[in-house]
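Reader: I have a protein open and would like to go through it. Can we start with the whole thing and then look at the parts?

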Amino acid sequence: MAAQRRNLMQSHQSWTDDLPLCQMCGVGTAPNCVYAAEGKGTESHPNEDAHLRFRGEDGCFLYGVFNGYDGSRVSSFASQCLTAELLLGQLSSSHTDNDVRRIFTQAFDVVEKSYFSEIDDALAEKAHLSNFLVPHNENVSFQISSQNQKVQERLKELEQEVSGGATAVVALILNNKLYIANVGTNRALLCKSSSDGQNQVLQIGRPHSTDNEEELQRLAALGVDSARIRQAGQIAGQSSTRRLGDYRVKLNYNEMDLLSAAKSKPVIAEPEIHGSQSLDNVTGFLLLMSEGLINALESAHGPEQANQEIVAMVAAELAQQTSLEAVAQSVVERIKRLHHDAFVSGRQRAALCSRHEDMTLLIRTLNYPLVDGALTPTQGGRIYPVSVPYSNSQSTSKTSVTLSLVMPSQSTLTNGTNTASTLEEGTPTPGSQSPTATLQSTNTQTQSSSSSSGDGSLFRQRGSQAAQPDETGRVPPYVDFSQFYRLWGTDHSDSQSSQGGLGPQ
């Protein structure tokens, strides 16, 4: 019976095997980690995240990040089933915005119902066997005790088979319009350069969590004590108020103290859909992130500038890497190191960084070509020094994250193919200037925004003329240290004279 259920759950994967992967997308991952006192990390469970990145017909693209918990069953099932429900002829370029929203919502509903249909037999067997458990008693015979043990072992197997859930953030691009569907606590960021030269970071939607006011109001309308939910911070071990799967809060919620007063199902799988947002003439990138990635960075550096920090990291890697896979993986590894370093530092945030969950980052570029790996900087290649000064994790000030790099030349993306660049052979035009912009952070739900401060900007002007060797055959240095040497000499002139030190020349 269990084998038959597994075969049914794997059938969706065979339906989508022939769908082409999107080549304008990269994914980086890292497993969960628990640190010992000396800083050594160990994996506490297999990776439970999942993702999808497919190119359909009629200029349709589908991306998703799924954050699983208590196993990978739901995240894996949802990523496969949702693809089958959206990219096997259900969507076309003739559909209106309302059509897309309707199909999107229906697809999530089918995923939820299909999953519970797949585990229905296991749930029924679990309920049936529970009736045969005999309360522990010293007078119970050995035969009954042995039977009890077998029933408990089988119940444990069934619990492992049916337990768990997942949150999801899914992006759909159709007719060059972006739609975001969110269920739970993952995150979507859109970084785009506007016509006035500013680069905006948009957080699309808010997480469905126990501190989301709108979600608390929704729960209160069902009769749930929202103040208790806020105070508890979790529902059945998770902070999400919307999730896929998890039979405990879907089928047995009336047996849970926090949810027992609910008039109807309080934890739902209905997505919040944002869109459509036109991507015409947009240059930038889309980020889909699992809750584990977000929490790791926020635990290490605080939540105030997390969105800007991630965007700065991605932009820095895009200016150096030659593949999107390498870009995404480098950013994930960097966040992992930041989290580890915060723990071993023993400072204020160390107590928040004793562990992190699985991390997944999906990057989809929008008219944003990668650097030309065949050219070096001295040959005109678009690999430039990058500076990413982050705010001090121990500081309470809200110093904006800034980044200095040259914006890659724009190109046209057609049917998943990166066509000719606006610069021939990838060589910068002498005297040309890169766009100068400031970084803005906007939450589409709250409509709050802030621009970067200080003398830095996300895309700062740099000279683009390729460096030429001098008469000795040497290339001039990229960095001018004369100011540093002058200040160093001023501060240390006395100590040098007394000790006879030479100092920098």
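Reader: Among contacts between residues at least 6 apart in sequence, what percentage join residues at least 24 apart?
Author: 73% of them do. Contact means heavy atoms within 4.5 Å. This is a predicted model, where local features need pLDDT of at least 70 and side-chain atom pairs count only at pLDDT 80 or more, while totals for chains, interfaces and linings use all residues. Residues are numbered from 1 along each chain as its sequence is written, and side-chain values use heavy atoms, with hydrogens and water left out.

Reader: How many helices and strands are in the protein?
Author: There are 12 helices and 18 strands. Both are DSSP runs numbered from the N terminus: helices are H or I with at least four residues, strands are E with at least two.

Reader: And what share is buried?
Author: 48% of the 505 residues. Buried means under 20% relative accessible area, with exposed over 50% and partly exposed in between (1.4 Å probe, protein chains only).

Reader: How many residues does the largest nonpolar core have?
Author: The largest nonpolar core has 43 residues, and Phe104 and Phe108 have the most contacts inside it. Such a core is a set of buried Ala, Val, Leu, Ile, Met, Phe, Trp, Tyr and Cys residues joined through side-chain atoms within 4.5 Å.

Reader: Which helix gives the most to this core?
Author: α3, with 8 residues.

Reader: What does Phe104 touch, leaving aside neighbours within four places in sequence?
Author: Phe104 is in contact with Leu86, Val170, Leu172, Tyr179, Ala181 and Ile273. Another core, of 29 residues, lies apart from this one and includes Met359 and Leu361.

Reader: Changing topic: at what angle do α2 and α3 pack?
Author: About 135°, with their axes 9 Å apart. Axes are lines fitted to C-alpha atoms, for helices over the stretch in contact, and angles run from 0 to 180 degrees between N-to-C directions. α2 is therefore oblique to α3. Under 35 degrees counts as roughly parallel, over 145 as roughly antiparallel, 65 to 115 as roughly perpendicular and the rest as oblique.

Reader: Which classes of residue make that contact?
Author: The contact of α2 with α3 has 13 nonpolar, 1 polar and 2 charged residues. Ala, Val, Leu, Ile, Met, Phe, Trp, Tyr, Cys and Pro count as nonpolar, Asp, Glu, Lys and Arg as charged, and the others, Gly among them, as polar.

Reader: What about α9 and α10, at what angle do they pack?
Author: About 110°, with axes 10 Å apart, so α9 is roughly perpendicular to α10. Leu297, Glu298 and His301 of α9 meet Ala306, Glu309, Ile310 and Met313 of α10.
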